[in-house]
Each structure stands twice: as C-alpha cells, then as structure tokens.
Amino acid sequence: MIRGLNARHARAWGSACTLLLLAACGGGGGGGGGASFPLVGTPPASSGSGGSTGSSNAPPPVNQGKSGPKALVVEIDGLTHSALRDAMAQNKVPALQSLRVAPAWTGGANGTPSEQRTTDGPGWATLMTGTWAQRHGVRWDTADQRIDVKLAPSVFALVRQNNKAAGYRTASVTSSLLYPLLLANEAGTVDSAIDCAGADACVTDRTSQLIDAGYDLLVAQYGAPAAAAGNGLKSDAYQRSIADTAAGIGQLLARVAQRSANDPKEDWLVILTTGHGLDAFGSATGVQDNGNKTVFIASNKTLAALPGVGAAAPADATLLALAAATDIAPTVLRHLGALPAATDYRFAGQALQASTSLRSLAAKTGADKRSIELSWTLAGNTSAAVQVLRDGKVVATLPAGSTAYTDPIVAASDGLYAFQYTVVAGEASVALAAQISYVAPEAPVTLAPTLANGLVNYYPLDALPSVDTKNASTLAPWASDANGGSLVDDGYSAPYKAKALRVDSTVKNASGMAGYRLVQNNDVTTNAAVTAFTIGFWVRTDATCSQGVSNGGTVIGNKNYTTGGNAGLAIGLFGSCEIRFNVGTGSARADSNGYSLSAGQWAYVAVVIDKAALTMRGYVMDPVRGVQTNSTAITTALVDKLGGLGNGLGLNEDGTGLYYQRESSSPRGAMDFNDFAIWNRALTSAELNSIFKSGQPLSSLP
C-alpha cells in the first residue's frame with residue numbers, strides 16, 4: 001500500500017489534478033488531511049477531526065441537492081471477508097450489522113485473458129469500470145498505470161452520460177494516492193476528487209460533507225486495515241483497525257439515514273467492498289489462490305442476484321460461481337438509472353438487482369479452430385429467451401434456459417481474432433472478450449508426412465493400459481497402489497475423436513507417490529547417437545489452472561524438480577497458467593519461460609533440444625493465444641545431464657514421483673494428456689504447426 005506523499009508522488013498527483021480538473025486536491029497526511037481548500041458548496045473540514053472520529057459537524061436539517069437515487073460505494077483496503085464476518089458475528093462492528101454481506105471474487109479467471117493480479121491497482125480499476133485488466137488496462141500498482149478510458153470508462157463517466165440534469169455531482173475521497181492517478185486520463189467526470197494522503201479520519205470527514213452537500217455518486221476508500229494487516233490478521237492492531245474503520249463508515253451510514261429521513265424520495269444504495277483478498281500472513285501476493293481472490297460485497301439493500309449472503313467463502317473453485325467484483329459497477333449504474341443497453345454493454349459482471357443470475361460466462365475455441373464455444377450458468381428467473389451479441393450485434397436468440405452457444409467464425413485467413421460477446425437473459429447481461437487462433441477452412445491443414453520420420457515412442461493414449469505403438473517404452477503409474485489414470489474425451493474432431501489420458505495426482509499412496517512414468521528402452525536424452533530430440537504432446541489443465549499456483553506443478557520431468565538447478569529436464573506449470581521449460585546440471589540451469597496456456601483447453605506443447613547446436617526451443621500452441629516459441633542456449637554440461645535421475649519421465653510428476661509430496665503448497669490435481677510422442681530428431685516449426693492446426697492424431701499418418 002502507498003502511504004504518505006513523497007516528493008516524486010506529489011509531482012505526479014499535481015499533474016493528475018490538472019488532468020482531472022479536480023475541485024480539490026489533497027495535502028499532507030495528518031489526522032484531518034484532505035483538501036487544502038474547502039469544497040464548493042460544502043462546509044470546511046472540522047478542525048478537530050482525528051483518529052476515527054470523522055466530522056463533528058451535525059448533519060443539516062434540510063437536504064441539499066436533489067431527491068432521487070443516490071449511491072455510496074466504500075472500498076476498504078485490507079479488510080477480508082472472513083475478518084468482516086467474524087467481527088460481525090462478535091458484534092465488534094455494530095454500525096455494519098444491518099448490511100447484507102456475501103463472499104465474492106476478483107482477479108479474473110486464471111488462465112484466461114481476463115486474469116489480473118489480485119492487488120490494489122487492478123482491483124480499484126475493476127471496481128471503477130466493472131471490467132478486468134484486458135479492458136481497463138491496469139496491471140500493476142505503480143504510479144504510471146492508467147485506466148484505458150476508451151475501452152473501460154468509469155462509473156463516473158457513465159453516470160454523467162446518462163444523467164445530464166444540471167447539478168448532478170460525483171465525488172471520490174481516497175486514502176491511497178494510487179487510486180486517483182488511475183483516472184488521470186478521464187477528465188471532467190469527477191466533480192470533487194479529494195486526496196486524504198493516508199488519513200482515514202479525513203475520508204470519513206470529507207465524505208460526510210459530500211453526503212450532506214447532496215452529491216449523487218460517491219466513492220470512498222479506507223486504508224487502515226491494509227496498513228495493520230502486516231501485523232497479522234489476528235493481531236490487536238488489525239482488529240482495532242477494523243473496529244475504527246467500521247465506526248467511521250457508521251458515521252457515513254448515519255448521514256445517509258438522516259438524508260433519507262429528511263426526504264423519503266431520496267433512495268440510497270450503499271455498497272461496501274474490498275479490492276482483493278490477503279493470504280494467511282496478511283499479505284497481498286497478487287496470485288490466483290482463493291485467499292487472494294476472495295473479496296466481499298455488502299449492501300444496505302436486498303439484491304436478488306447476490307448469492308451467499310451470510311455464508312462463509314468457499315475454499316475451492318466454486319468461489320467463481322458467486323458474485324464478482326465486476327458486478328459492483330453495473331449494480332450502481334442500474335440503481336442510478338445509467339446502465340447501458342445490451343448493444344453497448346461491456347461489463348464483465350451483471351447488475352445484482354436482476355431477478356436472473358447469469359454467471360460463469362466463459363469462452364473456448366472449438367475443436368475445428370473456426371468457432372468459439374460460449375457457456376454460462378443461469379439461476380433465478382430463467383423464463384426469458386437468451387440473446388447472444390457479438391460486437392454489439394445479435395447473432396443468436398436462444399430458448400429460455402439455454403446455457404451454451406457455439407458461434408461459427410468466418411475470417412479470410414489464419415490469425416488471432418478478438419470479439420466482444422454479451423449474453424442477455426431477462427434482466428441480466430454479462431460481457432466477455434474472447435480470442436481465437438483461427439485456422440481458415442479454405443486451406444485445410446493435414447499432418448506433415450515427415451512426422452513419421454524419427455518417431456521412436458508414440459502413445460495415442462486412447463486406451464488403458466497405455467501402449468507405445470513403437471514397442472520401445474512403457475508408461476504406467478509411478479506406484480501400482482496410486483493409479484490416478486483414467487480415460488476422458490479427447491479434443492479431436494470427427495473422425496479422429498477418441499479418448500485421452502487423465503493423470504490425477506490427488507491419487508497417491510501412503511508415501512505420497514503419484515502420477516505416471518514413461519521409461520524408454522533407449523533414452524533419447526542420454527543416447528550419444530541421438531544428436532537432437534523432440535518431445536511433444538497435447539495437454540489440458542483443469543478449468544482454473546489450479547495447479548499453476550504457489551511453487552507450480554510438474555507437467556513432465558525426469559529430475560527432482562524442487563529446484564530447476566537439479567540435473568535433468570522438466571516442463572513446469574506455474575501461476576497465470578504459464579509454461580516453463582527447464583534443464584539443469586545440479587549447479588547450473590537454463591530456462592525458457594513466459595509461455596501461456598488457456599485454462600481448460602487443449603494446447604500442443606513441445607520441447608526441441610539440439611545437443612549438437614546447443615539449443616533448447618520451447619513451443620506452446622494454444623487455441624486462444626496462438627503459437628508461442630523461443631530458443632534458449634544450453635551448454636555441453638547441461639547436455640551431459642539431460643538424463644536427470646535416470647528413473648524415467650514423469651507425467652504430472654517429476655523424476656521422483658514425489659514432487660507434490662515435497663512441495664505440499666503446490667496443489668495436486670488432474671492434467672489431461674493426448675498423443676504423447678518422442679522423436680530422435682529436431683522437428684521443424686512447420687511440422688509442429690501441422691500437428692496443432694490439423695487437430696489430427698499421429699495415428700492417422702500412413
């Protein structure tokens with residue numbers, strides 16, 4: 001968290017004030033803090049505001065401003081859902097007891113273009129825009145980050161577009177310097193932007209004044225819990241910060257209640273949330289685990305499409321079936337009468353007032369690589385027909401209750417194509433940006449016949465037990481009492497559709513051994529007569545790429561992969577569904593990183609090692625992200641150690657069969673494999689591309 005205001009940040013903030021045409025820009029970080037001059041139409045800050053007491057001014061007996069719908073959004077950095085729930089259960093936050101609190105999630109979907117870091121900057125940008133980083137563009141917590149206001153205008157901009165009445169006013173009051181900077185490219189949409197420079201008492205004081213002054217949309221941000229979280233989530237300091245912050249928010253709620261009592265026509269929506277979760281140590285690590293992804297949505301109103309009110313947050317992937325941080329912006333805009341029509345709808349979430357709950361909108365590339373398969377879930381009122389829009393135009397009207405649609409894509413040539421989809425079901429709308437690595441039908445691709453040359457091991461993986469069609473290796477569980485292998489549908493189109501091998505590392509024996517092991521009769525990594533080799537296979541993660549978090553998972557490896565420096569070869573799966581290629585000697589290593597998989601979709605992965613030319617080239621061919629390849633230099637010392645432990649090549653395990661036992665923070669799970677092959681030569685890019693683009697198994701070769 002950014003606390004205080006150093007000289008460099010002060011200059012940046014001054015520039016942002018000019019860009020935003022702000023009515024008030026902040027000064028120092030004292031207890032009062034806030035604007036260095038009074039806001040137009042509001043009383044000055046009380047001179048005695050300090051601690052969490054906020055403003056001492058009594059609310060005016062008559063409302064300023066206009067009647068009608070108004071909204072207050074409060075973001076509390078560092079307040080976790082579980083901490084808020086515990087505090088409410090123990091009646092430590094009496095001012096918040098009347099709110100309806102539900103777990104929610106943030107960070108986008110791991111292994112998809114929507115994924116973003118679970119940290120301050122991306123979290124605030126999502127709150128302001130109802131979109132993920134692929135649209136709002138904020139990926140870090142640095143002062144140079146700006147929301148892409150063309151792709152993702154803020155709630156302030158959208159509410160101003162739809163409420164043109166004279167005197168309509170918006171405001172933000174922030175404790176963190178970072179947040180106003182994110183909107184520096186969107187001028188004229190925030191009437192009063194107040195920098196409280198780290199003083200939460202100032203946030204309470206200034207927001208109270210703005211409520212009294214009749215502002216229509218207010219966003220307030222508190223930071224004390226985040227500052228205290230480093231002491232531990234059970235510490236007295238953290239618990240005290242929660243109580244103090246709740247007391248400050250209680251003053252805001254009292255101001256809102258007073259206005260509603262003064263004017264029954266004034267209809268307030270109040271939402272409390274946080275930008276991201278924390279790990280068990282109170283840190284925001286930015287990763288895609290449940291602790292960091294779990295947030296909350298608390299409201300003063302009953303919201304029909306907000307599930308899980310009063311419940312604990314799920315500890316598994318079912319978290320993603322709940323409301324998301326992207327739901328807040330459309331919920332606020334619907335209340336204010338400013339929600340865009342379906343043709344202009346760009347939010348990755350839905351308005352929570354809707355009687356229909358539309359969740360889990362996802363896209364994947366069809367097996368033909370010429371279609372996009374959309375899927376979603378529905379709950380609540382499902383009586384209305386479902387519409388699918390692509391780039392703002394209706395492409396399908398489906399029967400009520402439909403939860404899937406395959407959109408045929410027509411393009412002139414191969415390449416990466418992006419589309420914006422919106423699904424509408426009754427009152428609910430959700431948008432999704434999707435991409436496809438398109439293969440044009442005018443030039444159908446077939447397998448390169450040369451792929452039969454040098455093929456020394458080949459497993460179609462369409463039956464159990466798995467058999468090498470070359471009779472030159474074996475593939476079986478690392479331990480006979482831990483057979484995690486099963487058959488699942490593969491990703492091929494007819495007439496090649498068959499089965500694939502699922503290797504589930506949660507199936508383990510008493511010693512923790514899991515996974516499968518391939519043992520070659522004549523190991524290409526150690527055979528001196530083999531001057532180059534290629535290992536290639538289709539692989540599919542689970543729907544959330546859950547094994548990529550923490551220390552990562554082993555896709556294949558013949559080494560002890562606790563460290564990449566150990567002798568041998570490995571391909572690993574890491575956070576953000578990243579694939580890494582690695583070789584080591586025991587004291588040195590070479591790596592090729594930064595390749596991305598799309599979660600839950602078949603991708604072709606290959607490593608080509610040329611012992612003579614001393615190169616390692618990795619390939620990840622993904623149906624959404626396209627072909628990714630890069631070459632890394634290796635040494636003769638690395639070549640000498642390519643055989644690793646000499647125990648064979650693990651699948652969803654390393655060369656010991658005990659990787660997940662040692663690395664207990666790395667989740668066990670299932671990886672699907674298909675068409676696993678080893679060649680005793682270096683395949684060309686054209687040959688590997690023919691595998692990916694054709695979608696044909698090697699068994700279809702003559």
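The lining of the second largest pocket divides into six nonpolar, eight polar and six charged residues. In this classification Ala, Val, Leu, Ile, Met, Phe, Trp, Tyr, Cys and Pro count as nonpolar, Asp, Glu, Lys and Arg as charged, and the others, Gly among them, as polar. A pocket here is an open set of points on a 1 Å grid over the protein atoms alone, where a 1.4 Å probe fits, with protein on both sides within 12 Å along at least five of seven lines; lining residues have an atom within 4 Å of a point.

Before I continue, please note that this is a predicted model, in which local features need pLDDT of at least 70 and side-chain atom pairs count only at pLDDT 80 or more, while totals for chains, interfaces and linings use all residues. Residues are numbered from 1 along each chain as its sequence is written, and side-chain values use heavy atoms, with hydrogens and water left out.

The second largest pocket holds about 340 Å³ of space, where a volume is the space filled by probe spheres set on the grid points, joined across faces, edges and corners. Of its 20 lining residues, T365, G366, A367, G491 and W602 lie nearest the centre. Two or more lining residues come from each of β8 and β20 (532-540); strands are DSSP runs of E of at least two residues and helices runs of H or I of at least four, numbered from the N terminus.

I turn to the largest pocket, with a volume of about 1000 Å³. It is lined by 50 residues, and A109, S360, L361, A362 and A363 are the closest to its centre. Which element gives the most to this lining? Strand β8 does, with eight residues. By class, the lining has 25 nonpolar, 19 polar and six charged residues.

The largest nonpolar core has 48 residues, and I535, F537, V555, I556, F673 and F676 have the most contacts inside it. Such a core is a set of buried Ala, Val, Leu, Ile, Met, Phe, Trp, Tyr and Cys residues joined through side-chain atoms within 4.5 Å. Buried means under 20% relative accessible area, exposed over 50%, and partly exposed in between, with a 1.4 Å probe and protein chains only. Strand β22 (residues 568-574) supplies the largest share of this core, five residues. Apart from this core lies another, of 42 residues, including L96, L210, L218 and W268.

How many disulfides does a search of the whole structure find? There are two, a disulfide being a pair of cysteine sulfur atoms within 2.5 Å. One joins C196 to C202, with S to S 1.9 Å. The torsion about the S-S bond of C196 and C202 is about -65°, so this disulfide is left-handed. C196 is buried at 0% relative accessible area, and C202 is buried at 0% as well.

The other joins C545 to C577, with S to S 1.9 Å; its link is right-handed, with 80° about the S-S bond. This pair links distant parts of the chain, 32 residues apart: C545 is in the loop between β20 and β21 (553-557), and C577 in the loop between β22 and β23 (578-584). C545 counts as buried at 1% relative accessibility, as does C577 at 0%.

Finally, Q696 is placed in the segment after α14 (685-694), and Q696 is buried at 13% relative accessibility.
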